[in-house]
Amino acid sequence: MPQLNPEFFVSQLFWLVVTFSFLLVFLWRVSLPRIGSILEKREKKINDDIATAKKLQEEAESIQKIIENKLRNARTETTEMIKTTSINLQEKTAEELVKFDKNLDKKIHDSANNIEKNKSDSLNQIHDQIYEITKLIFSKITNFKVSNLDVKDAVTEVERKIH
């Protein structure tokens, strides 16, 4: 193997130094600065993206707080509206019940008056018929003519004894 032959060591070392020197200079002057600038750009972009993300996150949190406040206010307003509506409905119901009670009391009172009047009229009619029947019976039995006043007095006296 020629690589292991000691006579070629010097030339191999020379070309090794030249090749590594060229490679070192090429990497140091051309490749590494390009890679470094790409890494810097990448780091700058990542930092900008992180800053933008933090800013957007802060905006989102503030928007979320605003939305939560609006929801809380809407719930409070809705609760107040429900309470107000409930109270108004209760008041209207109470008013309607009072009107209904008054109307019902009036109708009951009118009905009671009508019943009393009808009862009184019926009793008067019954009394008149009793007087007439008594007068007819008495005149048929005794052939006497009896006045309405006499019959009325006699029937009233009998009613007092019964009651």
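Colleague: Hi! How far apart are the mean positions of the positive and negative charges of the protein?

Modeller: The 26 positive and 25 negative charges have mean positions 4 Å apart. Lys and Arg count as positive, Asp and Glu as negative, while His and the chain ends are not counted. Each charge is placed at NZ of Lys, CZ of Arg, CG of Asp or CD of Glu.

Colleague: Thanks! What sort of model is this?

Modeller: This is a predicted model, in which local features need pLDDT of at least 70, side-chain atom pairs count only at pLDDT 80 or more, and totals for chains, interfaces and linings use all residues. Residues are numbered from 1 along each chain as its sequence is written, and side-chain values use heavy atoms, with hydrogens and water left out.

Colleague: What share of the residues is buried?

Modeller: Buried residues are 3% of the 163. Buried means under 20% relative accessible area, exposed over 50%, and partly exposed in between (1.4 Å probe, protein chains only).

Colleague: Switching topic: which residues form the nonpolar patch on the surface?

Modeller: Leu13, Leu16, Phe20, Phe22, Leu23, Phe26, Leu27, Leu32, Ile35 and Leu39, with about 990 Å² of accessible area together. Areas come from the Shrake-Rupley method with a 1.4 Å probe; for residues, only the protein chains shown count as cover. Patches take residues with over 30% relative accessible area and no salt bridge, joining like charges within 9 Å and nonpolar side chains (Val, Leu, Ile, Met, Phe, Trp, Tyr) within 5 Å. Ile35 sits in helix 1, residues 9-142, and is partly exposed at 46%.

Colleague: How many salt bridges does the structure hold?

Modeller: One. It joins the side chains of Lys45 and Asp49 (3.8 Å, N to O); the term needs a side-chain nitrogen of Lys or Arg within 4 Å of a carboxyl oxygen of Asp or Glu. Both residues lie in helix 1, four residues apart, about one turn of the helix.

Colleague: Is Lys45 buried or exposed?

Modeller: Lys45 is exposed at 52% relative accessibility, and Asp49 is partly exposed at 42%.

Colleague: Last one: how far apart in space are Leu136 and Lys107?

Modeller: They are 42 Å apart, C-alpha to C-alpha, and 29 residues apart in sequence. Leu136 lies in helix 1 and is exposed at 51%.

Note on methods
Helix = DSSP H or I, 4+ residues; strand = E, 2+ residues; numbered from the N terminus.
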